[in-house]
Amino acid sequence: MSKIQISRREMLLRCAALGSLTVSPGLSVAEAATRWLESAQHAPMSPTPWNEIGPFYKRRAPHSAHLRVPGDPGLPLLVSGAIYATDGNLIPEATLEIWHSDHHGKYDLEGYRYRTSLVADAKAKYSFDSIMPGHYPDRVCQHVHYRVTAPGFKPLTTQLYFATDPVFEGNPDKNFTRDPLILSRELIRPVALKGDPNEIRADVEFSIALERL
Amino acid sequence: MSRHLAFAFAALLAGPLFAQAPAPNVKEDRTLATPSELVAASVSQNGKSLFGLDKDGIARRWALPGGQLDRTFPSIGRSYLMLTSDDGRWVLLAGWEGDFVAWDTSDGREVFRAHAGHYAAGGFVSVSVNPSAYSHSSKFLALAPAGEPVQILDWPSGKKVATLGAPIGGSSCVAFSPDDSRIATADNDGVVRIYETSSGKLLSHFDDFLLEAFAVVFTPDGKQVIAGGADKTVVVIDSSTGRLVRTLQHFPEPIGYLSVSPDGKRVAVALGKAEGLTLPAELSVWNLASGKKEFDFLPPALAIGAAWLADGHWRFITSKAEAVTVWRAD
């Protein structure tokens, strides 16, 4: 028997045509098939590990994805990701409050430098550009703070760490416990260097999974 | 920097003060030999017991003024948080692995053990921030695992009495009212909340801070709550309504510690530098009626504990190598 080679999308459309798949009024078959395929792409996920909120969370951060201004010292950084439920479904329009220190490890308490409040888009994606934070003296590792909320989901505070942090000496698997506040290796993300040599940038992917209430 | 150092709030070599306030009278009250350097310490309110926690997680008690070591408590592993009840009867340690263990100091018996999902909240700043605390009568214990709601337990049974609200990020500091009927929390969402102890019912809240609140304390008459944090202000709040009564001062650095004298007339303030909360920073004492500073200074060494004692004088504690010193500041 020859192997049937059709896409899953084509299969769904044929099912609809033959009556073995029905779609509620107001929803097109094509749209329904698209949504089905998107949701099926993500398997159940573990919730993103908790990490403590502080220090220096500040309310009412501005809504800007561009934290770096020309001339800011420090390695340019681009962080992006998506927000999921632990069942693998995307969570559009979750709110992410994000903050970190400057290149020297100093937090802005008076103003809102390196602070933002973002809303994930309709596809649950977010991104921001900034600079690689320095080492805050009271912490071992470079980090970015997150406070993520979405209706119907448990709020999450966590922190993003970087596999390139000198503290890990190239081996975060072995050395992540050097920072006693890092409770999970999962929070340490690989760093990709992109761009041309004169304008290099660190790219980091950090997607987040929230638990339902 | 390991977390236990968050309880030290200043280290400096020279004593003197900043301008504009009289020189404080800082004198050594007592120095005792210790097996190792301490990371946290406290004195019972009657001044008769000194408690110290070393970096190996071993807590000890010395009798004052004689200085005899009269009790050693088993290590619970890495620990950075030690609570003692006002009367020195109970001591509780919280460890990095999420364990809370308490002993009756009169006979050394372990009386309580619990495990939380996370390590205990310890604040990032200064000494005696009391992220967890015994009530004044020792009738209750408030426990705050980092990022989690505060649990009120009946003491010494350990039975849960109430769970307080769940601010995102948890609480940095808790303080019972003088009659233990209420408890205030300095929360990491910037809000100061006041609850009924027995039920966990929210009674009032203060919502004007933009940054985290790190320290909170009731006045001895229970009518007001004094709070401060990363906003660098100390505020006096009506404890019934949560409304601002007045702002004491805008400080140059975050507020890490607040404590009111037994007569209600003075408040001790310890700062923490934003660039590193365990760096040397100013201590000061203020007159609450006038709102004026009585004195400020940088302590002679890293301070690991502080309290107003029943004699009305403020003490702070330092430790170096194999000695611990209790200082008095007037």
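What percentage of the 330 residues of chain B count as buried? I looked this up before anything else. The figure is 61%. I note here that the model is predicted.

**Entry: chain B overall**

I checked the secondary structure of chain B next. It has 0 helices and 28 strands. Then I turned to the contacts in chain B with a separation of 6 or more. Residues 24 or more positions apart account for 46% of them.

**Entry: the interface**

I moved on to where chain A and chain B meet. On the chain A side, 26 residues are in contact with chain B, and on the chain B side 32 residues take part. I found about 2500 Å² of area buried between the two chains. Carbon and sulfur atoms give 61% of that area. Which residues of chain A lose the most area to chain B? They are A:Trp50, A:Arg59 and A:Asp138. Together these three make up 27% of what the chain A side buries.

I then looked at the polar side of the interface. I counted 8 residue pairs in polar contact between chain A and chain B, with both residues at pLDDT 80 or more. The chain A residues that touch chain B divide into 14 nonpolar, 3 polar and 9 charged. The salt bridges between the two chains number 2.

Where does A:Glu110 sit in chain A? I placed A:Glu110 in the loop between strand S2 (95–99) and strand S3 (115–119). Is A:Glu110 buried or exposed? Its relative accessible area is 58%, so A:Glu110 counts as exposed. Leaving out residues up to four places away in sequence, A:Glu110 touches A:Lys58 and B:Lys232. I also took one distance within chain A. A:Glu110 and A:Ala30 are 80 residues apart in sequence, and their C-alpha atoms are 51 Å apart.

**Entry: B:Asp104**

B:Asp104 belongs to strand S8 (residues 99–104). Is B:Asp104 buried or exposed? With a relative accessible area of 0%, B:Asp104 is buried. Which side chains does B:Asp104 meet in polar contacts? One is that of B:Arg89, at 2.7 Å. Another is that of B:Ser106, at 2.6 Å. Not counting residues up to four places away in sequence, B:Asp104 touches B:Arg89, B:Trp90, B:Arg109 and B:Val111. B:Asp104 is linked with B:Arg89, B:Asp107 and B:Arg109 in a network of salt bridges.

**Entry: other salt bridges**

How many salt bridges are there over all chains? I get 26. I went through several of them.

A:Glu211 is partly exposed at 35% relative accessibility. A:Lys154 is partly exposed too, at 38%.

B:Lys293 is partly exposed, at 25% relative accessible area. B:Asp296 is buried, at 0%.

My last pair was B:Arg328 and B:Asp330. Their side chains form a salt bridge at 2.8 Å, N to O. B:Asp330 has a relative accessible area of 22% and counts as partly exposed.

**Entry: cysteines**

How many disulfides does the rule find over all chains? The count is 0. A:Cys141 is buried, with a relative accessible area of 0%. B:Cys173 is also buried, with a value of 4%.

Technical notes. Residues are numbered from 1 along each chain as its sequence is written. Chains are lettered from A and ligands numbered from 1 in the order in which they are written. This is a predicted model: local features need pLDDT of at least 70, side-chain atom pairs count only at pLDDT 80 or more; totals for chains, interfaces and linings use all residues. Side-chain values use heavy atoms; hydrogens and water are left out. Contact means heavy atoms within 4.5 Å. Buried area is the accessible area (1.4 Å probe) that two parts lose on being put together, summed over both. A salt bridge is a side-chain nitrogen of Lys or Arg within 4 Å of a carboxyl oxygen of Asp or Glu. A polar contact is a pair of N or O atoms within 3.5 Å; within protein, one must be able to donate a hydrogen and the other to accept it, and residues adjacent in sequence count only if both atoms are side-chain atoms. Ala, Val, Leu, Ile, Met, Phe, Trp, Tyr, Cys and Pro count as nonpolar, Asp, Glu, Lys and Arg as charged, and the others, Gly among them, as polar. Helices (H or I, at least four residues) and strands (E, at least two) are DSSP runs, numbered from the N terminus. Buried means under 20% relative accessible area, exposed over 50%, partly exposed in between (1.4 Å probe, protein chains only). A disulfide is a pair of cysteine sulfur atoms within 2.5 Å.
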